[in-house]
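Q: I am new to this structure. Please show me how to read its features one at a time.

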Amino acid sequence: MSKYLHSNLNALARSSTLAINEHSDYLEKQGIHVYRFGFGQSPFPVPKKVVDSLKENSSRKNYLSVDGLPDLRTAVANYHQKIDNVNIQSDQVLIGPGSKELMFCLQLVLKGYTILPTPCWVSYAPQAKILNRKIIFIQTKYEDSWQLLPEQLTESIKNFSDKLKLLILTYPGNPHGCTYEVEVLKQLAKVCRKNKIIILSDEIYGRIHHQGKHTSIARYYPEGTIISSGLSKWCAAGGWRLGHFSFPKELKYLQDAMTSVASETYACVTTPIQYAATTAYEDDTIDDYLFHCRRILETIGQYCASSLIDAGIKVRIPKGAFYIFPDFKPFENVLNKKGIHDSNTLCKQLLQDTSVALLPGSAFAQNAKELNARLAYVNFDGAEALKKSIDLSKTSTLKMEYFGETVSEVIIGIEEIINWIKR
Ligand SMILES: Cc1ncc(COP(=O)(O)O)c(C=O)c1O
């Protein structure tokens with residue numbers, strides 16, 4: 001590492017999710033077929049109306065306001081009012097080039113500590129490290145379906161009562177697909193209100209809760225919760241780079257500071273994308289699209305998790321998103337005999353022996369010595385799967401067999417993992 005870099009950047013590597021994608025591309029170029037469970041990208045096509053809207057608006061070339069296109073801000077606010085039951089007005093919405101950038105910006109402007117329940121999404125902690133922020137990690141448990149419990153939060157912050165704190169909650173969760181029970185959200189809201197903790201509620205997977213039953217903690221702690229979401233997951237448009245934050249009026253000072261930073265850095269989000277995003281939020285036919293995406297993800301997620309459970313691997317059935325977080329600890333002895341004692345070696349050896357790509361638990365702030373990994377069940381043809389689901393009546397139960405070849409990569413990949421662990 002160069003002496004010309006800031007010391008906090010010395011250990012910083014390329015984000016592991018992007019790295020696994022690039023490595024899988026590299027292997028495929030060498031002629032090695034990879035079962036790509038590594039990168040968490042939606043397999044579905046962007047809804048046609050949204051793509052058409054992007055085409056129609058592609059000649060728009062002027063900068064937009066740094067806050068975002070007014071119609072889009074209104075559409076996002078209406079969405080929060082209608083679906084989340086939270087009173088957000090358009091002037092409380094900030095549009096950004098992906099929610100990731102907004103999260104970085106928030107951690108940049110706000111003083112104090114970042115509280116991260118782990119396992120957590122790969123980028124929160126590296127962002128905090130880039131900014132020299134102190135992090136309080138709180139380990140959640142498989143037994144609690146990876147929920148942060150209110151008593152854990154109380155206990156973890158007791159020595160930091162004088163510090164301003166930002167708690168980041170992600171639900172449905174990456175890397176495990178679990179989500180919060182409403183009662184737990186209510187209790188967490190109480191602890192945060194009492195301790196003046198600001199919540200960044202990362203709800204990027206909220207619209208792909210498999211049962212369509214996502215509940216935002218902002219309902220129980222509206223004055224202290226910033227809701228984060230965007231087009232990347234539910235609208236399958238990660239590469240379009242559009243995210244948004246919705247701030248309570250009480251945190252206007254934060255919104256203003258972030259907007260100032262935005263005005264001096266990215267200036268505004270790509271203009272045609274903002275028009276297309278407005279269509280995405282205003283279009284009622286999206287509900288139909290989401291119904292099918294959810295039903296497909298639920299079927300495939302349950303298949304993956306229950307196949308691994310039947311084989312003796314420890315994993316929770318996902319409630320949303322497109323991830324599961326298998327723990328291979330029940331096979332510790334077998335793995336140790338293969339020379340595997342940590343999640344990184346586990347994933348490397350699995351990739352080498354079977355061409356199955358997973359992301360090690362260590363990338364999600366888990367102890368590197370654990371034998372867990374994230375599996376993203378997105379390696380199927382989303383367009384084909386959608387067609388098949390649309391052809392099946394909404395009241396019928398979708399089964400894996402119904403997809404045929406469309407999901408063969410998922411099925412073979414899961415079999416490869418099971419055969420490898422039992423070999
Ligand atoms: C939990 C979580 N939050 C945020 C993001 C970033 O999303 P965006 O594309 O809006 O930057 C991701 C992307 O993978 C994610 O998984």
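Predicted model: local features only at pLDDT ≥ 70, side-chain atom pairs only at ≥ 80, totals over all residues.

Q: What span should helix α7 have, and how far apart are its end C-alpha atoms?
A: The expected span of a helix is 1.5 Å times one less than its number of residues. Helix α7 (residues 182–195) has 14 residues and should therefore span 20 Å, which agrees with its end C-alpha atoms being 20 Å apart.

Q: Which residues of α7 are buried?
A: A residue is buried if 20 or more other C-beta atoms, placed from the backbone, lie within 10 Å of its own, exposed if 12 or fewer, and partly exposed in between. In α7 the buried residues are L185, L188, A189 and C192. They lie on the same side of α7, because they cover an arc of only 110 degrees around the axis, the arc being that of the directions from the helix axis to the C-beta atoms. The face turned away from this buried side carries the exposed residues E183 and K194.

Q: What covers the buried residues of α7?
A: Contact means that the C-beta atoms of two residues, placed from the backbone, lie within 7 Å. The cover includes α6 (150–157), β5 (165–170) and β6 (198–202).

Q: Is I226 buried or exposed?
A: I226, in strand β7 (residues 225–230), has 25 other C-beta atoms within 10 Å and is therefore buried. Not counting residues up to four places away in sequence, I226 touches I199, L200, S201, F245, S246, F247 and L251. The C-alpha atoms of I226 and S201 are separated by 5.9 Å, although these residues are 25 apart along the chain.

Q: How is the protein divided into domains?
A: Domain bounds come from an automatic or database domain assignment. Here domain 1 is 7–45 + 286–422, and domain 2 is 62–282. The contact between them takes 34 residues from domain 1 and 35 residues from domain 2. On the domain 1 side, the elements that give two or more residues are α1 (16–29), α10 (286–310) and β9 (323–324). Of these, α10 gives the most, with seven residues.

Terms used: Residues numbered from 1 in each chain as written. Helix = DSSP H or I, 4+ residues; strand = E, 2+ residues; numbered from the N terminus.
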